[in-house]
Amino acid sequence: MSFEKNILCIGAGYVGGPTMAMIAYKCPQYRVTVVDIDPERIAQWNSDDLPIYEPGLEEIVKAARGKNLFFSTEIEAGIRESEIIFVSVNTPTKTFGAGAGMAADLQYWDKTARQIRKYSKSNKIIVEKSTLPVKTAQAMERILTSADNGIRFDVLSNPEFLAEGTAIKDLQDPDRVLIGSTQTPNGLKARDVLVEIYSNWIRRERIITSNIWSSELSKLVANAFLAQRISSINSISALCEKADADVEEVARAVGMDSRVGNKFLNASVGFGGSCFKKDILNLVYLCRHYDLKEVADYWEGVVRINDYQKERFILNMLNIMFNTLANKRICLFGFAFKSDTGDTRESPAIFVAKRLIEEKARVVITDPKALKNAMKDLESIAGEIAYVEDPYEASAGCSAIAVMTEWAIYADLDFKKIYRSMDKPAFIFDGRNILDHKKLFEIGFNVFPIGKPGLTHF
Ligand code: UDX
Ligand code: ADP
């Protein structure tokens, strides 16, 4: 069977996998291939045990796989046979050299551009999907056209706005799709090809277009604004704890102002995830590069407050549990950076677990989807850490429970049973404010939410 278009995606990760699965599922007339350098990852995409957990993903992968959706390690053939190439390789924060700890590490991305140049035999549209610093599309175009082999590459920026845990819903019904292109006739033609792909299931007015740099910058700014809301409410949570106010009541009152809106105002132990910190630091690096010190400092403050919130959480635990955590068993409820995902990248739980070990506590970790990743994150940490799937078993014999992830299952547990099995006095630190604090207090727990006065029996 011949297909209308051959689409390739390089990078079978959290972005590439679900995005391509959705395109294939919605557009049976296109052939979609996803390639990766990691053969194990590709084998998982081809198995019944997908490499990432995402509600609804398995169904759409199973519906399209083998028909018009293929996962492969054949990067060279993939490049040769496609007209459109999405690039969604990883772009972590640099850990070495200039810009270490701030700028994006572009080595995977650079290598991909060179591979595309080497194996291409015909004109291609290249779609930049990874989060990248502003002006990367231009650099990509420069690498691609430097071979002077008569092949045309049109580079588009198409940032991904999906959130993990709701990726399928976000892909199916996005608030907007953004496509940045050069404003030349060829650039606009390439842009229209991508608009046509998305138009198969997304209303035309939700597909917005811009110049390339606005598009690249919008991704960083959208994440910076979202993270800023969380750091803003988290900073107020510190004040509420001192001032006997309730941060949820404050957030509710503030969020009902329609100019502010009520989303992303849940105070927490801190935000995590692969994007927020990385994108803000990218933005900060960009501002410093242009000598905009005040602007850089302003956005850096969002990350600073997040670090402060995580440290504050640990110091509160220490202070409340009589200034020593040594030898106490502490159970972390959840390790993923948010619910409905097994992803633990930048999860506040990593920080909290490490700090607890520094305080010589004995740590027990439970999570319905993230235990494997938790083990990898903490493998180099010397200390007593146990990984237990069942939350009842995990919390038995512990002095405290710290809620790290807002998994819905935690709110429905039998806390009377849990209380009976714990060491006394028993403490709960609710880093996500998802539990019924009054009820827990009545059971006998000493309860410490975020941004509200603690409920104690002494
Ligand atoms: C984010 C953006 O939402 C998405 O548009 C972008 O494409 C990628 O980055 P993601 O990191 O998957 O998505 O998760 P998100 O839902 O934004 O949550 C990020 C972190 O903030 C999580 O740790 C979450 O628990 C925390 N959070 C979120 C809060 O602490 N309070 C809130 O009110 C909302
Ligand atoms: P994201 O969250 O941005 O999707 P991931 O780390 O989940 O990031 O996925 C990126 C994927 O890109 C990884 O599976 C990695 O193996 C893959 N990758 C990195 N460099 C290359 C490359 N040169 N060719 C193909 N795949 C690559």
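Two residues are in contact if their C-beta atoms, placed from the backbone, lie within 7 Å. Helices (H or I, at least four residues) and strands (E, at least two) are DSSP runs, numbered from the N terminus. The model is predicted: local features need pLDDT of at least 70 and side-chain atom pairs count only at pLDDT 80 or more, while totals for chains, interfaces and linings use all residues. Residues are numbered from 1 along each chain as its sequence is written, and chains are lettered from A and ligands numbered from 1 in the order in which they are written.

**Helix packing**

In H5, Ala 113, Arg 114, Ile 116 and Arg 117 meet Met 140, Ile 143 and Leu 144 of H6. This contact has five nonpolar, no polar and two charged residues (nonpolar: Ala, Val, Leu, Ile, Met, Phe, Trp, Tyr, Cys and Pro; charged: Asp, Glu, Lys and Arg; polar: the others, Gly among them). The other pair is H1 with H3, where Pro 18, Ala 21, Met 22, Ala 24 and Tyr 25 of H1 touch Leu 57, Ile 60, Val 61, Ala 63 and Ala 64 of H3. By class, the H1 and H3 contact holds 10 nonpolar, no polar and no charged residues.

The geometry of both pairs is tabulated below. Axes are lines fitted to C-alpha atoms, for helices over the stretch in contact, and angles run from 0 to 180 degrees between N-to-C directions. A crossing is left-handed if the near helix is turned anticlockwise from the far one by less than a right angle, and right-handed if clockwise.

| Helix pair | Axis angle | Axis distance | Crossing |
|---|---|---|---|
| H1 (residues 16-26) and H3 (residues 57-64) | roughly 50 degrees | within 9 Å | left-handed |
| H5 and H6 (residues 136-145) | about 35 degrees | 9 Å | right-handed |

H1 and H3 are therefore oblique to each other; angles under 35 degrees count as roughly parallel, over 145 as roughly antiparallel, 65 to 115 as roughly perpendicular and the rest as oblique.

**The sheet**

Six strands form an open sheet in the order S11-S10-S9-S12-S13-S14, with parallel pairing. Two strands pair if DSSP finds at least two bridges between them. S11 (385-387) and S14 (446-449) are the edge strands, each with a single partner, so one side of each has no neighbour in the sheet. On average, neighbouring strands are turned by 20 degrees against each other, direction ignored. S10 (residues 362-366) runs parallel to S11 and is joined to S11 by three bridges. Opposite Val 363 stands Ile 385 in S11.

**Ligand shells**

A residue is near a molecule if its C-beta atom, placed from the backbone, lies within 6 Å of it. Ligand 1 has 19 residues around it, with Asn 266, Ser 268, Phe 271, Gly 273 and Cys 275 coming nearest. Helix H9 (residues 212-243) supplies the largest share of this shell, three residues. The shell of ligand 1 divides into 11 nonpolar, five polar and three charged residues.

Around ligand 2 there are 21 residues, of which Gly 11, Gly 13, Tyr 14, Val 15 and Asn 90 are the closest. Here the largest share, three residues, comes from H5 (residues 107-119). Nine nonpolar, eight polar and four charged residues make up the shell of ligand 2.

**Backbone details**

Lys 424 and Pro 425 are joined by a cis peptide bond, with omega about -5 degrees. Pro 425 lies in the loop between H17 (415-421) and S13 (427-430). Asp 291, a residue other than glycine, has a positive phi near 65 degrees. Asp 291 sits in the loop between H11 (276-289) and H12 (293-320).
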